[in-house]
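Have the sequence and the model open side by side. The paragraphs below go through aromatic contacts, a helix crossing and a sheet.

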Amino acid sequence: MVSARERVCVQGDPNQYDSLVACLVAVMHAWERPVSYDWVAGLAGIAFSPIMDPDEDCMAWWMESGSESRLCFLAHALGFTIDRVTRDSPWDDAARAAYAATGLLPPPHEVHFARLRAAFDRGDALVLRTWPAWSVLTGWDRDLDQLEFATLPGFEDLVARIWGPAQAQLVYVLNPIAPALPLEHAISKALRFGGKVAGGQGKEAGFRYGAALYEAAADRMRTPHFCSACGANGDSCAHRTLMRMLGTQQSAVGFLEEARDVVEDDRLPWNAPISTFEVMAEVAAPYCDWESFHADWPKESFREGLRQDLQNLATLQTQAAAAVTGLATSYEARIAGSGAAAGD
C-alpha cells in the first residue's frame, strides 16, 4: 500500500507559484483530500496580491516571504492541525564536524531532529522553510544533509545547495482533521481578507502588498540595473518578477471562478473582480516569454513601455481591490441570515 508520504508530489512553475501554497496542495492531495492551487492561494490571500519583501537584495526573490501568515486560517478552512517547530542554532559546519567526529548531535540539534524524526515516523506531514522554496520532507537519512524532500520542480538542486531540509529552522508539522469552518464562511473570510490584501493591507508589517510590487518594479525600470545585486544580469530578475505577477493574477481569476461555482449565485458581482484580474493578466502575459523578453530587454523603448505597463498594473490592482471588497460585502449580506458575517 502506498503511504501518504510517497504520494507527495509538489507541482507548478517555480517562477509563478508560491512554494508554500504548492506544498500544502501536495500534502492535501497525499491525504486524498484534493484541492486546487488556485483555491488554496485564494484562501491564503496569495491570489489577490503579490508579496514584496523590501529588504531582499535580489529582485528575483522579493516575492518569496510572508506566505505563511494565513496558515492558521488555512488550517481551519481546509482541516489540519499545526505544530510549529523552530530552533535558533544553525546547522553549520561546526555542527556537522561535531556530528561526524562523535556520531552524536550537539544538544540543540539533537532535540530538534529527534522531534522531527518522531513526527516523520508517525506519518505526519512536515513542511520545511527551505530556501528559496518551501519543501515537504519525504525521506529520512542518518546523513542529515541527505534528507529527502519534495519542492517545486526544477528547484530541487537549488534548495539542496542553498538551504536544504537540515538547515530549515522553521518546520510545520501537519495532520488532517475535519475543517473547522463551514465552506461559505471560509469563502467569505477569504474574500474579505482578499480585498484588504489586494489594497495593500497585509498581515505582516515587514512586507508590502497590493500595488507595492508593481510600483517598485516600475521604479526599478528607471535605474541602471533592475536588480542591484545582479547588475547587468538583472533581466532574469525582472522576468521572474513578471512571472510571479502573472501567476498571482491567474490564481485570482481561478479562485474567484471556483468560488462562484461553489456559491451558485450569479446575482453577486463576480464579474467585476474577475474581469479586472483578467485584464491584468493580459497586460503581463506578453512579457512572460523569456526569449523575446531577453532579446528586447536592452531596448530603451521596451523598458519604457514595460514601466508604463507596470504603472498601469498598479492602477488596476487598486481597482481589483475595490471590486473584491465589493464582492465580499455582497457575499456577507447573502449569508448574514445563516450567522455572523465573516470579517478578518
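Which residues form one aromatic cluster? The members are Trp-62, Phe-226, Tyr-287, Trp-290, Phe-293, Trp-297 and Phe-302. The model is a predicted one, and 17 aromatic pairs are found in it. A pair of aromatic rings is described by the distance of the centres and the angle of the planes.

Take the pair of Trp-39 and Phe-255. Their ring centres are 5.0 Å apart and the planes stand at 35°, so this pair is tilted. It links distant parts of the chain, as Trp-39 belongs to helix 2 and Phe-255 to helix 9, 216 residues apart. Trp-39 is buried, with a relative accessible area of 8%, and Phe-255, at 0% relative accessibility, is buried as well.

Trp-62 and Phe-226 have ring centres 6.1 Å apart and planes at 85°; because the angle is over 60 degrees, the pair counts as edge-to-face. This pair also links distant parts of the chain: Trp-62 sits in the loop between helix 2 and helix 3, Phe-226 in the loop between helix 8 and helix 9, and 164 residues separate them. Trp-62 is buried at 3% relative accessibility, and Phe-226 is buried at 2%.

On the side of helix 2, Tyr-37, Asp-38, Trp-39, Ala-41, Gly-42 and Leu-43 take part in the contact; helix 9 contributes Gln-250, Ser-251, Gly-254, Phe-255, Glu-258 and Ala-259. Sorted by class, the contact has six nonpolar, four polar and two charged residues.

Five strands make up an open sheet in the order 1-5-2-3-4, with antiparallel pairing. Strand 1 (80-86) and strand 4 (148-150) are at the edges; each has a single partner strand, so one side of each lacks a neighbour in the sheet. On average, and with direction ignored, neighbouring strands are turned by 35° against each other. Within the sheet, strand 2 (residues 125-128) and strand 5 (residues 170-176) run antiparallel and are joined by four bridges. Leu-126 has Val-173 in strand 5 as its bridge partner.

Two helices lie across strand 1, strand 2, strand 3 and strand 5: helix 1 (residues 19-30) and helix 5 (residues 107-122). Helix 1 runs at about 170° to strand 2, while helix 5 runs at about 160° to strand 1.

Conventions. Residues are numbered from 1 along each chain as its sequence is written. This is a predicted model: local features need pLDDT of at least 70, side-chain atom pairs count only at pLDDT 80 or more; totals for chains, interfaces and linings use all residues. Side-chain values use heavy atoms; hydrogens and water are left out. Contact means heavy atoms within 4.5 Å. Ala, Val, Leu, Ile, Met, Phe, Trp, Tyr, Cys and Pro count as nonpolar, Asp, Glu, Lys and Arg as charged, and the others, Gly among them, as polar. Two strands pair if DSSP finds at least two bridges between them. Axes are lines fitted to C-alpha atoms, for helices over the stretch in contact, and angles run from 0 to 180 degrees between N-to-C directions. Rings of Phe, Tyr and Trp (its six-membered ring) pair if their centres lie within 6.5 Å; planes under 30 degrees apart count as stacked, over 60 as edge-to-face and the rest as tilted. Buried means under 20% relative accessible area, exposed over 50%, partly exposed in between (1.4 Å probe, protein chains only).
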